[in-house]
Amino acid sequence: MCTTCGCGPDDHQHNHEHGHHHHGHHEADPHHHVTDPAAKKISIETDILAKNNRLAQGNRALFSAKNIFTLNLVSSPGSGKTTILERTLKDLGEKFRCAVIEGDQQTDNDAVRIAATGVPVKQVNTGAGCHLDAHMVCHAVDGFDLDNLELLFIENVGNLVCPASFDLGENHKVVVLSVTEGEDKPLKYPQMFHAADVMLLNKTDLLPHLDFDVEKCKEMARRVSPGILIFEVSSKTGAGMSVWYDWLATAVRSEE
């Protein structure tokens, strides 16, 4: 269960291309009385996270067995992570066999953009849900040819809070932060930046027009997550993307 919004895996509307629809299974019991609401919330939250973690371990074992390097891309809305992903796929699509899972509450707009790169993509709409979970990912990969896949990108729902709590079976969480958001985001949303191993500081082409302290932002990110890797990039101009690609190439080869 999300520690802030209260949604859980069984409360989401899961919309997959292959037709699976999952709805909430918890009906209110008018005869059930909860004498300690706080204890009930903790119990439910622990159970849902434990279930998700078991499913995530299954995903991770599958990806490992198939030698698939998997990244969970997380950010606030508007950070530019879809544009980063588009550019990455266009530049690396001929070097690596890639696939993408696109998570959004509604629409398939981002999936259409990704499909235009020629890379296989599956859309997952979460409805009222504010993040992807391991169960959704497990179903979304059903239609991929996993034996012919090296690199799987999971673009999570735009949200810097709840996706931090949900393991999807990925190798790494990659948090995207744009310079238009302010350098203090790592301190405002510490759980997400602590959970991430990589930070892409995006839209650096806008720095001449903004009052944004890059070094201060990096220092704040490392205060929350001392070992985090930080790449300064511009998905628009391509600046810094080659370093990100080098890291990806090394990581993918390590899975072989």
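Trainee: What should I know before reading?
Mentor: This is a predicted model, where local features need pLDDT of at least 70, side-chain atom pairs count only at pLDDT 80 or more, and totals for chains, interfaces and linings use all residues. Residues are numbered from 1 along each chain as its sequence is written, and side-chain values use heavy atoms, with hydrogens and water left out.

Trainee: At what angle do helix α2 and helix α8 cross?
Mentor: Axes are lines fitted to C-alpha atoms, for helices over the stretch in contact, and angles run from 0 to 180 degrees between N-to-C directions. Helices (H or I, at least four residues) and strands (E, at least two) are DSSP runs, numbered from the N terminus. Here α2 (residues 81-92) and α8 (residues 241-255) cross at roughly 65 degrees, and their axes come within 11 Å. The two are therefore roughly perpendicular (65 to 115 degrees).

Trainee: Which residues of α2 and α8 meet?
Mentor: Contact means heavy atoms within 4.5 Å. From α2 come Ile-84, Arg-87, Thr-88, Asp-91 and Leu-92; from α8 come Met-241, Trp-244, Tyr-245 and Leu-248.

Trainee: How many aromatic pairs does the whole structure hold?
Mentor: Rings of Phe, Tyr and Trp (its six-membered ring) pair if their centres lie within 6.5 Å; planes under 30 degrees apart count as stacked, over 60 as edge-to-face and the rest as tilted. The search finds 4 pairs. In one of them, Phe-69 and Trp-247 have ring centres 6.0 Å apart and planes at 65 degrees, so the pair is edge-to-face. That pair links distant parts of the chain: Phe-69 is in strand β3 (residues 69-75) and Trp-247 is in helix α8, 178 residues apart.

Trainee: How are the rings of Trp-244 and Trp-247 arranged?
Mentor: Their centres are 5.7 Å apart and their planes at 15 degrees, so they are stacked. They sit 3 residues apart in α8, about one helical turn.

Trainee: Is Trp-244 buried or exposed?
Mentor: Buried means under 20% relative accessible area, exposed over 50%, partly exposed in between (1.4 Å probe, protein chains only). Trp-244 is buried at 1%. Trp-247 is buried too, at 17%.

Trainee: What is the phi of Asn-67?
Mentor: Most residues other than glycine have a negative phi. Asn-67 has a positive phi of about 60 degrees. Its place is the loop between α1 (37-65) and β3. Lys-203 also has a positive phi, near 65 degrees, in the loop between β8 (198-202) and α7 (214-224).

Definitions and conventions: Angles under 35 degrees count as roughly parallel, over 145 as roughly antiparallel, 65 to 115 as roughly perpendicular and the rest as oblique.
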